[in-house]
Amino acid sequence: MDKKLKVGIIGCGGIANGKHMPNLAKIPEVELVAFCDIIIERAQNAAQKYGIEGAKVYTDYRELLADKSIDVVHVLTPNKWHSEITIAALEADKHVMCEKPMAINAAEAMKMYKAWQKSNKKLSFGYQYRCLPIPSYSKQLVEAGELGEIYFAKAHAVRRRGVPTWGVFLDEEAQGGGPLIDIGTHALDMTLWLMDNYEPHMVVGTTFSKLRELRGAGNPWGDWDIDKFTVEDSAFGFIKMKNGATIILESSWALNTIEPREAQATLCGTKAGLDMKDKLTLNYSRNGRQCIETPDLNVGGVAFYAGTSAREPAFVEARRWIDAVLNDTEPFVTPKQALVVSQILDAIYESARTDKPVYLD
(Lines give C-alpha, C1' and ligand atoms only; values in the text may rest on other atoms or scores of the structure.)
Protein backbone atom coordinates (compact mmCIF):
# COMPACT_ATOMS: atom_id res chain seq x y z
CA MET A 1 0.00 0.00 0.00
CA ASP A 2 1.06 3.59 -0.65
CA LYS A 3 -0.65 4.86 2.50
CA LYS A 4 1.74 6.05 5.20
CA LEU A 5 0.45 6.07 8.75
CA LYS A 6 1.78 8.89 10.90
CA VAL A 7 2.47 7.51 14.38
CA GLY A 8 3.06 9.36 17.64
CA ILE A 9 4.74 7.79 20.67
CA ILE A 10 3.67 8.78 24.18
CA GLY A 11 6.18 7.45 26.69
CA CYS A 12 9.72 6.89 25.42
CA GLY A 13 11.06 4.63 28.16
CA GLY A 14 12.03 0.97 28.27
CA ILE A 15 9.05 -0.66 26.57
CA ALA A 16 9.09 1.95 23.81
CA ASN A 17 12.78 1.45 23.07
CA GLY A 18 12.83 -2.28 23.64
CA LYS A 19 9.70 -3.20 21.73
CA HIS A 20 7.50 -0.65 19.97
CA MET A 21 9.74 1.87 18.24
CA PRO A 22 12.32 -0.52 16.73
CA ASN A 23 9.57 -2.73 15.32
CA LEU A 24 7.41 0.10 14.01
CA ALA A 25 10.54 1.44 12.29
CA LYS A 26 10.75 -1.81 10.29
CA ILE A 27 7.28 -1.33 8.75
CA PRO A 28 7.36 0.59 5.44
CA GLU A 29 3.86 2.00 5.88
CA VAL A 30 4.77 3.74 9.14
CA GLU A 31 6.29 7.15 9.77
CA LEU A 32 7.23 7.95 13.36
CA VAL A 33 6.50 11.68 13.42
CA ALA A 34 6.13 12.66 17.09
CA PHE A 35 7.56 11.66 20.46
CA CYS A 36 6.44 12.62 23.96
CA ASP A 37 7.97 11.98 27.36
CA ILE A 38 8.01 13.89 30.66
CA ILE A 39 11.81 13.63 30.42
CA ILE A 40 12.47 15.58 27.25
CA GLU A 41 15.87 13.96 26.62
CA ARG A 42 14.14 10.61 26.16
CA ALA A 43 11.82 12.04 23.55
CA GLN A 44 14.69 13.80 21.80
CA ASN A 45 16.78 10.63 21.69
CA ALA A 46 13.84 8.63 20.34
CA ALA A 47 13.14 11.21 17.66
CA GLN A 48 16.77 11.21 16.59
CA LYS A 49 16.97 7.42 16.42
CA TYR A 50 13.54 6.48 15.02
CA GLY A 51 11.80 9.61 13.81
CA ILE A 52 11.45 11.00 10.32
CA GLU A 53 13.23 14.21 9.46
CA GLY A 54 11.54 17.02 11.35
CA ALA A 55 9.89 14.72 13.90
CA LYS A 56 8.36 16.71 16.75
CA VAL A 57 9.18 16.36 20.43
CA TYR A 58 6.85 17.08 23.35
CA THR A 59 6.69 16.81 27.13
CA ASP A 60 2.87 17.23 27.23
CA TYR A 61 0.88 14.50 25.53
CA ARG A 62 -2.00 16.91 24.91
CA GLU A 63 0.16 18.90 22.51
CA LEU A 64 0.97 15.75 20.57
CA LEU A 65 -2.71 14.80 20.38
CA ALA A 66 -3.57 18.26 19.05
CA ASP A 67 -1.66 17.44 15.84
CA LYS A 68 -4.46 16.40 13.48
CA SER A 69 -2.04 14.85 11.01
CA ILE A 70 -1.20 12.01 13.42
CA ASP A 71 -3.19 8.85 12.65
CA VAL A 72 -2.02 6.46 15.37
CA VAL A 73 -0.80 6.86 18.93
CA HIS A 74 1.09 4.32 21.04
CA VAL A 75 0.55 4.79 24.78
CA LEU A 76 3.66 3.40 26.50
CA THR A 77 3.52 4.95 29.95
CA PRO A 78 3.25 3.39 33.42
CA ASN A 79 -0.14 1.76 34.02
CA LYS A 80 -1.53 4.68 36.01
CA TRP A 81 -1.76 6.87 32.90
CA HIS A 82 -3.03 4.31 30.38
CA SER A 83 -6.67 5.25 30.83
CA GLU A 84 -6.33 9.03 30.87
CA ILE A 85 -4.10 9.21 27.80
CA THR A 86 -5.90 6.53 25.78
CA ILE A 87 -9.28 8.18 26.31
CA ALA A 88 -7.84 11.55 25.32
CA ALA A 89 -6.30 10.02 22.20
CA LEU A 90 -9.56 8.37 21.15
CA GLU A 91 -11.38 11.67 21.68
CA ALA A 92 -8.70 13.32 19.54
CA ASP A 93 -9.65 10.92 16.72
CA LYS A 94 -6.54 8.72 16.90
CA HIS A 95 -6.22 4.95 16.64
CA VAL A 96 -4.57 3.71 19.82
CA MET A 97 -2.18 0.91 20.69
CA CYS A 98 -1.79 0.85 24.47
CA GLU A 99 0.79 -1.28 26.22
CA LYS A 100 -0.49 -3.98 28.57
CA PRO A 101 -2.33 -4.15 30.92
CA MET A 102 -5.37 -2.23 29.72
CA ALA A 103 -5.39 -0.04 32.84
CA ILE A 104 -4.34 0.19 36.47
CA ASN A 105 -7.69 -1.33 37.53
CA ALA A 106 -10.99 -2.57 36.14
CA ALA A 107 -12.85 0.71 36.65
CA GLU A 108 -10.32 2.62 34.54
CA ALA A 109 -10.37 -0.16 31.93
CA MET A 110 -14.14 0.17 31.64
CA LYS A 111 -13.78 3.92 31.06
CA MET A 112 -11.43 3.15 28.18
CA TYR A 113 -13.81 0.56 26.78
CA LYS A 114 -16.73 3.00 26.81
CA ALA A 115 -14.62 5.72 25.21
CA TRP A 116 -13.65 3.30 22.45
CA GLN A 117 -17.31 2.38 21.88
CA LYS A 118 -18.13 6.05 21.35
CA SER A 119 -15.28 6.52 18.89
CA ASN A 120 -14.88 5.25 15.35
CA LYS A 121 -11.24 4.35 15.98
CA LYS A 122 -9.34 1.15 16.62
CA LEU A 123 -7.99 0.25 20.03
CA SER A 124 -5.62 -2.59 20.85
CA PHE A 125 -3.19 -3.68 23.55
CA GLY A 126 0.35 -5.05 23.79
CA TYR A 127 -0.07 -8.77 24.39
CA GLN A 128 2.70 -9.87 22.03
CA TYR A 129 3.22 -13.33 23.55
CA ARG A 130 0.21 -14.57 21.60
CA CYS A 131 2.44 -14.15 18.55
CA LEU A 132 5.13 -16.62 19.65
CA PRO A 133 5.32 -19.82 17.56
CA ILE A 134 4.05 -22.15 20.31
CA PRO A 135 0.90 -20.17 21.20
CA SER A 136 0.24 -19.47 17.51
CA TYR A 137 0.35 -23.15 16.61
CA SER A 138 -1.60 -24.05 19.75
CA LYS A 139 -4.38 -21.70 18.65
CA GLN A 140 -4.56 -23.51 15.32
CA LEU A 141 -4.95 -26.83 17.11
CA VAL A 142 -7.69 -25.49 19.38
CA GLU A 143 -9.60 -23.95 16.48
CA ALA A 144 -9.37 -27.24 14.59
CA GLY A 145 -11.02 -28.99 17.54
CA GLU A 146 -7.98 -31.13 18.33
CA LEU A 147 -8.36 -30.60 22.10
CA GLY A 148 -12.12 -30.86 22.24
CA GLU A 149 -13.83 -28.91 25.03
CA ILE A 150 -11.21 -27.17 27.16
CA TYR A 151 -12.47 -27.29 30.74
CA PHE A 152 -9.30 -26.82 32.81
CA ALA A 153 -6.26 -24.63 32.26
CA LYS A 154 -3.28 -23.10 34.02
CA ALA A 155 -1.79 -19.73 33.20
CA HIS A 156 1.90 -19.64 34.17
CA ALA A 157 3.89 -16.47 34.94
CA VAL A 158 6.37 -17.66 37.55
CA ARG A 159 9.89 -16.33 38.02
CA ARG A 160 12.10 -17.85 40.68
CA ARG A 161 13.92 -14.55 40.84
CA GLY A 162 13.10 -11.79 38.40
CA VAL A 163 12.20 -8.60 40.24
CA PRO A 164 12.52 -5.57 37.93
CA THR A 165 14.59 -2.96 39.71
CA TRP A 166 14.21 -0.09 37.23
CA GLY A 167 11.41 2.33 36.41
CA VAL A 168 8.25 2.22 38.54
CA PHE A 169 7.60 -1.52 38.56
CA LEU A 170 7.76 -1.67 42.36
CA ASP A 171 5.46 1.33 42.86
CA GLU A 172 1.85 0.31 43.57
CA GLU A 173 0.50 3.81 42.94
CA ALA A 174 1.99 3.98 39.46
CA GLN A 175 1.49 0.36 38.42
CA GLY A 176 -1.46 -0.97 40.42
CA GLY A 177 0.34 -4.14 41.46
CA GLY A 178 3.37 -6.35 40.97
CA PRO A 179 3.90 -9.59 39.07
CA LEU A 180 0.17 -10.26 38.68
CA ILE A 181 -0.48 -7.10 36.68
CA ASP A 182 2.96 -7.18 35.03
CA ILE A 183 3.54 -10.73 33.77
CA GLY A 184 0.45 -12.54 35.06
CA THR A 185 -1.56 -10.41 32.65
CA HIS A 186 0.32 -11.95 29.69
CA ALA A 187 -0.28 -15.52 30.84
CA LEU A 188 -3.97 -14.88 31.52
CA ASP A 189 -4.46 -13.15 28.17
CA MET A 190 -2.84 -16.05 26.34
CA THR A 191 -4.92 -18.65 28.19
CA LEU A 192 -8.27 -16.91 27.66
CA TRP A 193 -7.42 -16.35 24.00
CA LEU A 194 -6.53 -20.00 23.45
CA MET A 195 -9.74 -21.10 25.16
CA ASP A 196 -11.77 -18.38 23.42
CA ASN A 197 -13.62 -17.97 26.69
CA TYR A 198 -14.26 -14.44 28.00
CA GLU A 199 -17.11 -15.04 30.42
CA PRO A 200 -15.76 -15.24 33.98
CA HIS A 201 -18.15 -16.11 36.80
CA MET A 202 -16.19 -16.18 40.04
CA VAL A 203 -12.64 -15.40 41.18
CA VAL A 204 -10.71 -16.25 44.33
CA GLY A 205 -7.26 -14.74 44.80
CA THR A 206 -4.31 -14.50 47.14
CA THR A 207 -1.30 -12.20 47.10
CA PHE A 208 1.93 -12.47 49.06
CA SER A 209 4.81 -10.20 50.08
CA LYS A 210 7.00 -12.85 51.64
CA LEU A 211 10.36 -12.39 49.93
CA ARG A 212 10.51 -8.69 49.16
CA GLU A 213 12.57 -7.94 52.28
CA LEU A 214 15.33 -10.36 51.28
CA ARG A 215 18.81 -9.07 50.54
CA GLY A 216 21.30 -11.02 48.48
CA ALA A 217 18.43 -12.97 46.96
CA GLY A 218 20.19 -13.73 43.69
CA ASN A 219 18.04 -11.39 41.62
CA PRO A 220 19.50 -11.11 38.09
CA TRP A 221 19.10 -7.31 38.15
CA GLY A 222 20.61 -6.91 41.61
CA ASP A 223 19.04 -6.24 44.97
CA TRP A 224 15.82 -4.31 44.95
CA ASP A 225 15.10 -1.31 47.16
CA ILE A 226 13.04 -2.70 50.06
CA ASP A 227 11.57 0.70 50.88
CA LYS A 228 10.27 1.16 47.33
CA PHE A 229 8.91 -2.40 46.96
CA THR A 230 5.24 -1.61 47.65
CA VAL A 231 3.63 -4.34 45.52
CA GLU A 232 3.21 -8.09 45.98
CA ASP A 233 6.02 -10.49 45.11
CA SER A 234 3.61 -13.29 44.11
CA ALA A 235 -0.10 -13.71 43.42
CA PHE A 236 -2.40 -16.60 42.58
CA GLY A 237 -5.93 -16.84 41.27
CA PHE A 238 -8.67 -19.42 40.87
CA ILE A 239 -11.06 -18.46 38.08
CA LYS A 240 -14.32 -20.23 37.32
CA MET A 241 -15.93 -19.36 34.00
CA LYS A 242 -19.67 -19.27 33.37
CA ASN A 243 -19.56 -22.57 31.47
CA GLY A 244 -17.79 -24.23 34.41
CA ALA A 245 -14.30 -24.18 32.91
CA THR A 246 -11.64 -23.47 35.51
CA ILE A 247 -8.34 -21.58 35.25
CA ILE A 248 -5.54 -21.40 37.81
CA LEU A 249 -3.30 -18.35 37.41
CA GLU A 250 0.12 -18.28 39.07
CA SER A 251 2.46 -15.30 39.00
CA SER A 252 5.62 -14.29 40.83
CA TRP A 253 8.72 -12.18 40.60
CA ALA A 254 10.29 -14.04 43.52
CA LEU A 255 9.23 -17.52 44.61
CA ASN A 256 11.21 -20.40 46.05
CA THR A 257 10.46 -22.88 43.30
CA ILE A 258 12.57 -24.96 40.94
CA GLU A 259 10.01 -24.66 38.12
CA PRO A 260 9.90 -21.10 36.80
CA ARG A 261 7.53 -20.76 33.85
CA GLU A 262 6.64 -17.49 32.18
CA ALA A 263 4.17 -16.64 29.40
CA GLN A 264 2.98 -20.24 29.19
CA ALA A 265 -0.31 -22.09 29.39
CA THR A 266 -1.47 -25.61 30.12
CA LEU A 267 -4.77 -26.68 28.56
CA CYS A 268 -6.80 -29.80 29.33
CA GLY A 269 -9.58 -30.80 26.93
CA THR A 270 -11.89 -33.72 26.36
CA LYS A 271 -9.84 -34.97 23.39
CA ALA A 272 -6.31 -33.96 24.31
CA GLY A 273 -4.14 -31.82 26.55
CA LEU A 274 -1.49 -29.26 25.70
CA ASP A 275 1.52 -28.00 27.65
CA MET A 276 4.10 -25.33 26.77
CA LYS A 277 6.87 -26.16 29.23
CA ASP A 278 10.19 -25.93 27.34
CA LYS A 279 8.41 -27.02 24.14
CA LEU A 280 4.90 -27.71 22.90
CA THR A 281 3.69 -31.12 24.07
CA LEU A 282 0.35 -32.74 23.29
CA ASN A 283 -1.02 -35.65 25.27
CA TYR A 284 -3.92 -37.93 24.35
CA SER A 285 -4.89 -41.58 24.14
CA ARG A 286 -5.07 -43.71 20.99
CA ASN A 287 -5.87 -47.39 20.53
CA GLY A 288 -5.85 -48.00 24.27
CA ARG A 289 -2.51 -46.31 24.83
CA GLN A 290 -1.48 -42.94 26.22
CA CYS A 291 0.48 -40.88 23.71
CA ILE A 292 2.69 -37.82 23.83
CA GLU A 293 3.41 -35.75 20.72
CA THR A 294 5.90 -32.95 20.22
CA PRO A 295 5.34 -30.95 17.00
CA ASP A 296 8.43 -29.55 15.30
CA LEU A 297 7.86 -25.80 15.04
CA ASN A 298 11.25 -24.95 13.61
CA VAL A 299 10.24 -25.22 9.98
CA GLY A 300 7.35 -23.42 8.27
CA GLY A 301 3.73 -22.94 9.13
CA VAL A 302 4.06 -20.66 12.13
CA ALA A 303 5.71 -17.44 11.00
CA PHE A 304 3.05 -15.04 9.72
CA TYR A 305 5.29 -12.70 7.72
CA ALA A 306 8.33 -13.15 5.54
CA GLY A 307 11.65 -11.65 6.58
CA THR A 308 14.13 -11.92 9.40
CA SER A 309 11.71 -10.50 11.97
CA ALA A 310 8.82 -12.79 11.12
CA ARG A 311 9.16 -14.98 14.19
CA GLU A 312 9.75 -12.15 16.65
CA PRO A 313 6.49 -11.64 18.56
CA ALA A 314 6.96 -7.89 18.97
CA PHE A 315 7.31 -7.43 15.22
CA VAL A 316 4.37 -9.69 14.43
CA GLU A 317 2.28 -7.72 16.91
CA ALA A 318 3.28 -4.39 15.33
CA ARG A 319 2.67 -5.68 11.81
CA ARG A 320 -0.76 -7.06 12.70
CA TRP A 321 -1.74 -3.80 14.40
CA ILE A 322 -0.71 -1.60 11.48
CA ASP A 323 -2.47 -3.95 9.04
CA ALA A 324 -5.69 -3.68 11.09
CA VAL A 325 -5.56 0.11 10.83
CA LEU A 326 -4.67 0.15 7.14
CA ASN A 327 -7.22 -2.48 6.13
CA ASP A 328 -9.96 -1.47 8.57
CA THR A 329 -10.08 -4.91 10.18
CA GLU A 330 -10.46 -6.00 13.80
CA PRO A 331 -7.24 -5.78 15.81
CA PHE A 332 -5.58 -9.01 16.89
CA VAL A 333 -6.18 -8.06 20.54
CA THR A 334 -9.63 -6.53 20.98
CA PRO A 335 -10.80 -4.07 23.67
CA LYS A 336 -13.29 -6.61 25.03
CA GLN A 337 -10.58 -9.24 25.47
CA ALA A 338 -8.28 -6.81 27.29
CA LEU A 339 -11.16 -5.59 29.46
CA VAL A 340 -11.95 -9.11 30.69
CA VAL A 341 -8.28 -9.67 31.55
CA SER A 342 -8.26 -6.47 33.63
CA GLN A 343 -11.52 -7.41 35.34
CA ILE A 344 -10.13 -10.80 36.38
CA LEU A 345 -6.84 -9.32 37.61
CA ASP A 346 -8.74 -6.72 39.61
CA ALA A 347 -10.96 -9.44 41.08
CA ILE A 348 -7.90 -11.40 42.23
CA TYR A 349 -6.56 -8.34 44.03
CA GLU A 350 -9.98 -7.60 45.55
CA SER A 351 -10.42 -11.19 46.71
CA ALA A 352 -6.97 -11.11 48.29
CA ARG A 353 -7.83 -7.87 50.13
CA THR A 354 -11.26 -8.98 51.36
CA ASP A 355 -10.61 -12.71 51.79
CA LYS A 356 -13.82 -13.36 49.86
CA PRO A 357 -14.69 -14.63 46.39
CA VAL A 358 -15.56 -12.00 43.79
CA TYR A 359 -18.43 -12.59 41.36
CA LEU A 360 -18.24 -11.06 37.91
CA ASP A 361 -21.67 -11.91 36.50
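Reply: What follows goes through the salt bridges pair by pair. The model is predicted. Across the whole structure, a search finds 18 salt bridges.

Start with Lys-19 and Glu-317. They form a salt bridge, with the closest N and O atoms 3.0 Å apart. This pair links distant parts of the chain. Lys-19 lies in helix α1 (residues 14-24), Glu-317 in helix α9 (residues 313-327), and 298 residues separate them. Lys-19 has a relative accessible area of 4%, so it is buried. Glu-317 also counts as buried, because its relative accessibility is 8% and the cut-off is under 20%. The pair belongs to a network: salt bridges with shared partners join Lys-19, Glu-99 and Glu-317.

Next, Arg-159 and Glu-262. Their side chains meet in a salt bridge at 2.9 Å, N to O. Here too, distant parts of the chain are linked. Arg-159 is in the loop between β7 (150-158) and α7 (172-175). Glu-262 is in strand β11 (residues 261-269), 103 residues apart from Arg-159. Arg-159 counts as buried at 16% relative accessibility, whereas Glu-262 is partly exposed at 30%.

Last, Lys-121 and Asp-93. The closest N and O atoms of this salt bridge are 3.7 Å apart. Both residues sit in loops. Lys-121 is between α5 (106-118) and β6 (123-126). Asp-93 is between α4 (82-91) and β5 (95-99), and the two are 28 residues apart. Lys-121 counts as buried at 16% relative accessibility. Asp-93, at 45%, counts as partly exposed.

Key
Residues are numbered from 1 along each chain as its sequence is written. This is a predicted model: local features need pLDDT of at least 70, side-chain atom pairs count only at pLDDT 80 or more; totals for chains, interfaces and linings use all residues. Side-chain values use heavy atoms; hydrogens and water are left out. A salt bridge is a side-chain nitrogen of Lys or Arg within 4 Å of a carboxyl oxygen of Asp or Glu. Helices (H or I, at least four residues) and strands (E, at least two) are DSSP runs, numbered from the N terminus. Buried means under 20% relative accessible area, exposed over 50%, partly exposed in between (1.4 Å probe, protein chains only).
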